[in-house]
Amino acid sequence: MSKLVIISNRVASAAEGKRSAGGLAVGVLDALKRQDGLWFGWSGKVEEEADNEVAFHRIGRIDCATTGLSRKEYDDYYRGFSNGTLWPAFHYRIDLSRYDKREYAGYLAVNERMARLLQPLVDPDDRLWVHDYHMIPFARACRRLGMRNRIGFFLHIPFPAEGVLRTIPPNRDLVQAMCDYDLLGFQTRGDARCFLDYATRHLGLPLENGSVLRCANGHGVRVGHYPIGILPEDIQEQAGSNRGAHLVATLKEGLQERKLVISVDRLDYSKGMVERFNAYERLLESVPSHRGKVSLLQIAPSSRSDVEGYRHIRRQLESTAGHINARWTELSWTPIRYMNRTYERAELLSLFRASQVGFVTPLRDGMNLVAKEYVAAQDEEDPGALVLSEFAGAADELSDGAIIVNPYDLDAMARALDRALGMPLAERKERHGVMLRGLREHSIREWRDRFLADLDRPSADARPT
C-alpha cells in the first residue's frame, strides 16, 4: 500500500510535536495522522561533518526520519541561501537579500544529499509532498536519481512578483527546478499568478487550461492556490480550557480592567512590529482617551538569532518599545508589554480569548495563521475584533470580518485600532460569525484533502483553479 512521504526543512522532535503551533508542523502532523506516512528532513542538529546517517523517531503514530547538517551546510544552505537570500526576497525585502554563489551551491548540494538519503525509504508508488522554500530544487534532485513518484510542492511563504524574483541571480534555475514537480501549491491566488506570470512571460512556457504549465521538457505541472487553514473546533476547546487560566488571571490582575490589544509573532522583520508599535503610539497621540486605558501586549519569541537581520530587528523593537514606554508610562500603566519568550499553545489561545483586539499587521506574509487562530479562540458571545494587514494571505479569507489595513499607513492603523476598541458588541458578533464560518469551511483538513486529490490527478486532467 502506498504511503504519503512529507519532506520539509525541519522535522519536529517528539516533544515539539506535542506543542507545535507552526503552520507547517500543524499541517504535516494532521496530514500524517490520517494515513500511513513518513516525515523526512533535518533534525535541527548541526555537526562538524555530515555523517549521512538517518535517525528515526515517532510522534504518536507518525514515523519520522531525520539527518543532521554539517556546519558548512548549515551556513550555506540554511543561514545563507535559504534565509539570507530567499526569505528576504520572497518577503519583498530586497534591501536585506544578498547572494553568494557558494551558498547557492551549498543549497543545491543539501537538497541533493537529502534526496539520496530519502530514496531508500520510498517505494515507487509513494506520493511525496515537499514543503517550503528550503526545498525548491528537491524534486529535480529526485528525478536525477530516477525517482518517478508523484511529487507535489507547497510554498508556505509568499511568491514574489517577477521584478522582485529577478533580483535573485539564479531565478531562472529556481523556476525551472520547480517544473520537475507534478503540482505546485501556493497560499493565495496572487502568489500562484506571480509564478505563472514569471514562467509564461520570462521563460516563455505555455499555459494550458488556465492551470497547467507545459515545461521545456514537455512535463506538465499543475499550479494552484491552497490556502492553509486551522482546526477551529480544536482551538475553541483549548482557548476555553483551564490550561491558560492562571496566565490569564495574572494578566487581568495587571491590566486592572484596561482593554488589551494582543500581537503574537515570531521575531522577524517581515512581521511589521516596528510599524505596529509606532501605530499604537500614534493612537495614543491622536485619541487621548485611550491613554491609561489600553495596553498592547506583543509576544515575539526569538528566531534565527545567528542571522544579523534578526538581531537588528530585535534591537529596533527594544529601542522603539523603550521610547514609547518612556514617553507615555504612568505609575499604574505601561503602554507596551514586549516579551521575547515562548508560551505553550493553549496559553496563547487563552490570551487571545482574553483580549479585545487582535493586531496582526505583517508587511508581507504567506498566510499568517495567528489571525485565524485569534478568530477561532474568541468567545462567540463576546468576541474581540481583528485588525489585519492587507498583505497577509489570511486577508483574502477574512476581509469580510476583519478591519483591513495597510501596515505602512500609521494613521490608518491608529484609526483602525480606535474603531476596533470601540466596536459595539452586535457588530463584533456579526463580523466574528462571518469569519468563523469561513474558517470552518476551509479548515486545514480541506487544505490537505484538496492538495492531495490534485496531486493524484494526472496533469492532463487538470482543471482551472
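In the predicted model described here, S263 stands opposite Q298 in strand β12. The strand that partners β12 at this point is β11 (residues 259-264), and the two run parallel, joined by 6 bridges. Strands count as paired if DSSP finds at least two bridges between them, while helices (H or I, at least four residues) and strands (E, at least two) are DSSP runs, numbered from the N terminus. Between β11 and β12 the chain passes through helix α11 (residues 273-286), and this β-α-β crossover is right-handed. Right-handed here means that, with the strands pointing away from the viewer, the path from the first strand over the helix to the second runs clockwise.

Residues are numbered from 1 along each chain as its sequence is written, and side-chain values use heavy atoms, with hydrogens and water left out. Because the model is predicted, local features need pLDDT of at least 70 and side-chain atom pairs count only at pLDDT 80 or more, whereas totals for chains, interfaces and linings use all residues.

On its other pairing, β12 meets strand β13 (residues 336-339) in the parallel sense over 4 bridges, and I299 stands opposite M339 in β13. How many of the residues of β12 are buried? The strand, which spans residues 294-299, is mostly covered, with 6 of its 6 residues buried. The term buried means under 20% relative accessible area, exposed means over 50%, and partly exposed lies in between (1.4 Å probe, protein chains only). In a regular strand the side chains alternate between the two faces of the sheet. Both faces of β12 are covered: V294, L296 and Q298 are buried on one side, and S295, L297 and I299 on the other.

Elsewhere, 10 strands form an open sheet with mixed pairing, in the order β3-β4-β2-β1-β5-β6-β7-β10-β9-β8. The edges are held by β3 (55-59) and β8 (207-208), each of which has a single partner strand, so one side of each lacks a neighbour in the sheet. Strands of a sheet pair through backbone hydrogen bonds, either parallel or antiparallel. Helix α8 (residues 189-202) lies across β7 (183-186), β8, β9 and β10 (220-225), running at about 150 degrees to β10. Axes are lines fitted to C-alpha atoms, for helices over the stretch in contact, and angles run from 0 to 180 degrees between N-to-C directions. Contact itself means heavy atoms within 4.5 Å.

Attention now turns to the cysteines. A disulfide is a pair of cysteine sulfur atoms within 2.5 Å, and by this rule the count comes to 0. For C64, the nearest cysteine sulfur is that of C142, 18 Å away. C142 is likewise in no disulfide, with the sulfur of C179 nearest at 16 Å. C64 is buried, with a relative accessible area of 0%, and C142 is also buried at 0%.

Most residues other than glycine have a negative phi, and most peptide bonds are trans. E257, although not a glycine, has a positive phi of about 70 degrees. This residue, E257, sits in the loop between α10 (245-255) and β11. Phi of N368, another residue other than glycine, is positive and near 80 degrees; N368 is found in the loop between β14 (357-360) and α14 (369-377). Are these residues buried or exposed? E257 is exposed, with a relative accessible area of 78%, whereas N368 counts as buried at 7%.

Two helix residues complete the tour. A109 lies in helix α4 (residues 101-118) and is partly exposed, with a relative accessible area of 36%. The C-alpha atoms of A109 and A141 are 9.2 Å apart, although 32 residues separate them along the chain. R428 belongs to helix α17 (residues 425-441) and counts as buried at 17% relative accessibility. Leaving aside neighbours within four places in sequence, R428 is in contact with D382, P383, G384, A385 and M423. The C-alpha atoms of R428 and D126, 302 residues apart along the chain, are separated by 47 Å.

Finally, the confidence of the prediction can be considered. The predictor's confidence in each residue is given by pLDDT, on a scale from 0 to 100. The protein chain has a mean pLDDT of 92, and 95% of its residues reach 70 or more. Over residues 460-465, pLDDT stays under 50, and for this stretch the model has 14 contacts beyond four places in sequence.
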